[in-house]
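Reader: I have some questions about the terms used for this model. Please set each term against its cut-off.

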Amino acid sequence: MGDRQTVRLHCFAHAGAGVSSFHRWDTAAGRGVRTTPWLLPGRDQRRREPRLTGHDELLADLKPLFEQIADEPEAPYVLYGHSLGAMVALTVARAVQERGLTPPALLAVGACPPPDSPAPLVGAAELTDAELLRVLDTFDALPSGARPGDVWFRVVFPVLRADLRLAATLRTAATAPTAPGPLPVPLLAVAGSEDPLADPAATAGWGRWTTGPFVRRTVPGDHFFVRGGELPRMLGRAARILLRGHRDRTGQRVGR
């Protein structure tokens, strides 16, 4: 692919969200990066499809991603997941390994404690509506003014509850006795400086989930720092470093 080669950045969103947080990431990440957000069922254009809560359901739904990786075995790519998306990204990276496909050049996770550490919202999906709303409000995870009966409650709240169930399922699967060991890929763990759900100290535990290089970073913001510009810029810089290394290894000419 020569100098036109890019790093594909596969992105997975937080619970209750679509992919709008990633819409401007190609611009923010900069040259050499192509962002591909993966929209799960039950939201946006897929709102009429049944929501996912199971590990195998998730992998089946992401079949096109695995096919793409299989079709482009020499193409470097990065997985980034935010909050729930971090568990999705980890699950995908492990499935890639089990299927013998090309591993990601980088697994990046944000706003999420590692699967073997306490997570404030694990189990919250089984609370009553009122209890779950109170818990979400405690962690500043509710839109301003959200209340039972409004549009957010009718449209987003059921998706959020299903996503919390999915997150709990994926965390359980990741720590099962039969689960694979640490991944042999570089891992970047990012935290928001004011995140009440996954503070910067919580990212240290992600080092147990890789045998490759491990890097921690903190960016300004709360749990939803994915909406800011610092994260895509950081991932863009990392992607360009990976691309240069890939070109050097494969003997391709490195552009400026």
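**Terms and values**

Reader: Why is P177 called exposed?

Author: This is a predicted model. P177 has a relative accessible area of 86%, and exposed means over 50%, so P177 is called exposed. P177 is found in the loop between α7 (157-174) and β5 (187-192). From Y80, P177 is 97 residues apart in sequence and 25 Å apart in space, C-alpha to C-alpha.

Reader: What makes α5 and α7 roughly perpendicular to each other?

Author: Helix α5 (residues 129-138) packs with α7 at an angle of about 80°. Angles of 65 to 115 degrees count as roughly perpendicular, so α5 and α7 are described that way. Their axes are 12 Å apart.

Reader: Which residues of α5 and α7 meet, and what are they by class?

Author: On the α5 side they are D129, L132, L133 and L136, and on the α7 side F157, L160, R161 and L164. By class, this contact has six nonpolar, no polar and two charged residues. Asp and Arg count as charged and Leu and Phe as nonpolar.

Reader: What makes a set of residues a nonpolar core?

Author: The residues must be buried, of nonpolar kinds such as Val, Phe and Trp, and joined through side-chain atoms within 4.5 Å. The largest such core here has 51 residues, and F12, V92, L107 and W206 have the most contacts inside it. Helix α4 (residues 84-98) gives the largest share of this core, 10 residues. Leaving out residues up to four places away in sequence, V92 touches F12, L62, L65, F66 and L79. A second, separate core of 27 residues includes V7, Y80, V226 and A238.

Technical notes:
Residues numbered from 1 in each chain as written. Predicted model: local features only at pLDDT ≥ 70, side-chain atom pairs only at ≥ 80, totals over all residues. Heavy atoms only, no water. Helix = DSSP H or I, 4+ residues; strand = E, 2+ residues; numbered from the N terminus. Buried < 20%, exposed > 50% of the residue type's maximum accessible area, 1.4 Å probe, protein only. Axes fitted to C-alpha atoms, helices over the stretch in contact; angles between N-to-C directions. Parallel < 35°, antiparallel > 145°, perpendicular 65-115°, else oblique. Contact = heavy atoms within 4.5 Å.
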